[in-house]
Amino acid sequence: MPKLFVITEQESSSNIFFANLIEKFNSKNYEYFIANYSQSENQRIKENHQKLKESDYLILLLTVKSILNEMATETVRIAKKNQDYHPEQKPWIIPIKTNIPIDSPWDYNLYSYLFKIRQWEWQNTDEPEKLIVKIIDYIEKPVFQSTPEMIIESKFINDSARNFTYRKPLPSSPPKLPKSQDNYTASFYIERPPIEKNCYQEITKPGALIRIKAPRQMGKTSLMARILDRAAKLGYRTAVLNLQLVDSQIFNNLDKFLRWFCAAVASELNLATNLDNYWNEIFGSKVSCKSYFERYILKSIDTPIVLALDEVDHIFQYPEITVDFFSLLRAWHEDAKNRDLWKNMRLIVVHSTEAYVPIDINQSPFNVGLPIDLPELSADQIQDLASHYQLQLDMSEIEKLMGIVRGNPYLIKLALYQLSQNNITIYELLKTAATDIGCYAAHLQRHWCYLQQYPELVQAAKTVINCHQPVKLERIQGLKLHSIGLVNLQGNQATPRCELYNLYFRDRLENSNF
């Protein structure tokens with residue numbers, strides 16, 4: 001009998017489809033556990049983690065709100081992590097979209113996690129029973145039992161992903177719900193001069209390499225999207241790979257990873273894979289990969305190619321491939337100085353922190369090219385952004401907001417959206433900012449959920465929060481806390497990134513049992 005983990009929103013209990021689905025599970029005597037996106041109590045999170053680990057299926061009921069909810073994204077991330085350690089790669093994920101308009105914006109990572117997984121859709125005008133029968137049939141007779149659905153294999157890319165009918169995600173979770181990415185980038189992206197201008201100029205240079213570094217939710221992917229948009233308007237071909245979303249089994253060895261890498265780039269450029277025609281085991285995977293790009297990718301396309309690698313620091317946890325892969329990127333960049341063929345390859349490397357694994361200075365791509373370290377927004381930039389939400393905030397109000405979240409673009413946008421939608425003052429918003437009922441609830445809960453999976457990070461975070469001066473942390477712990485945005489780092493000296501985290505985590509960390 002299958003074990004099911006059902007995650008929904010609290011208000012979904014009145015949803016007709018949800019009610020009918022649970023009724024069917026009861027009639028089938030399925031063992032199921034129901035969680036919602038807003039539960040964050042210590043014991044509840046631990047219970048959710050354990051139940052999810054024991055489940056055969058994750059039933060993900062998605063709504064317009066939940067596809068922008070960070071806890072939904074975190075749940076799927078944990079499920080995919082559990083798949084890596086399960087002999088049958090469970091829990092299998094069943095996303096069910098309920099009443100989601102086709103032009104709704106998605107959380108960037110959630111959309112990407114689900115992109116190659118079979119999805120179901122239900123609208124209020126549909127009969128619940130018809131879809132529920134199909135889902136039950138799938139649970140009892142799954143089409144794929146040995147591998148996750150539509151996974152990108154080392155030898156091919158599944159073309160069905162290209163037929164996905166929904167629009168691409170926004171570069172990040174936008175608190176305002178614009179109708180298109182163009183509207184978002186035009187109206188809700190605040191430039192940080194001269195960063196954008198420098199990037200636009202750099203991408204036109206032969207063999208360009210742009211390195212964008214900042215903690216998560218600082219606008220790295222949004223900037224990357226704008227550079228790619230500029231490149232496309234110049235007639236360049238573009239390809240984007242988010243390495244955080246790659247299944248962990250791909251990173252098992254260098255050959256498998258580089259075969260996936262080549263196939264994924266070819267797919268992004270709408271080329272047939274043709275790996276076997278260019279891969280030579282005698283010469284090894286690094287030479288084969290370079291040969292594949294030289295003899296196939298670069299010769300198949302006569303315009304510059306911009307390859308954007310997002311979340312590349314995900315590779316740092318796999319030391320067996322880290323040095324070889326990054327030395328390969330560095331070699332391509334050096335080749336562009338002397339070989340015309342490689343001048344058409346332009347790279348954008350996006351990461352949240354420095355490498356955990358030492359890389360020889362002459363083999364590293366992290367000390368060449370154009371470095372971009374994204375700063376926080378200034379008070380003037382926040383005031384400009386507020387005007388796009390039809391808000392007139394004076395400097396004293398902006399200073400109050402910055403006193404809690406500093407200039408973090410994502411946290412600022414969440415606050416501005418709440419102010420514009422709920423007709424409340426900045427002072428009312430800040431009263432509940434660091435609680436589980438405030439505008440930052442899902443964001444804070446996701447961080448807390450993440451921390452509880454890594455006891456060593458809980459202890460490191462507790463040390464930082466409890467000290468009123470910079471604290472020296474072990475290097476890897478400090479880099480991980482910095483990459484997710486919880487601390488600022490100066491060398492190995494860490495301080496809380498903003499007062500919001502200080503207020504929210506102090507009691508929780510103090511009372512945690514790790």
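In the predicted model, both faces of strand S3 are covered, with Tyr57, Ile59 and Leu61 buried on one side and Leu58, Leu60 and Leu62 buried on the other. This arrangement can be read against the general rule that, in a regular strand, side chains alternate between the two faces of the sheet. Because six of the six residues of S3, which spans residues 57–62, are buried, that is, under 20% relative accessible area, the strand is largely enclosed by the rest of the structure.

Strand S3 has pairing partners in S1 and S4. Strand S1, formed by residues 3–8, pairs with S3 in the parallel sense over four bridges, and within this pairing Val6 stands opposite Ile59. Between S3 and S4 the chain passes through helix H3, residues 70–85, in a β-α-β crossover that is right-handed.

Elsewhere in the chain, three strands form an open sheet in the order S11-S13-S12, with antiparallel pairing. Strands S11 (471–472) and S12 (487–490) stand at the edges and have a single partner strand each, so one side of each is left without a neighbour in the sheet. The antiparallel strands S11 and S13, the latter comprising residues 493–496, are joined by two bridges, and Val471 stands opposite Ala494 of S13. Helix H18, residues 455–466, packs on this sheet and touches S11, S12 and S13, while its direction makes about 75° with that of S13.

Terms used
Residues numbered from 1 in each chain as written. Predicted model: local features only at pLDDT ≥ 70, side-chain atom pairs only at ≥ 80, totals over all residues. Heavy atoms only, no water. Buried < 20%, exposed > 50% of the residue type's maximum accessible area, 1.4 Å probe, protein only. Pairing = 2+ DSSP bridges. Right-handed = clockwise from strand over helix to strand, strands pointing away. Contact = heavy atoms within 4.5 Å. Axes fitted to C-alpha atoms, helices over the stretch in contact; angles between N-to-C directions.
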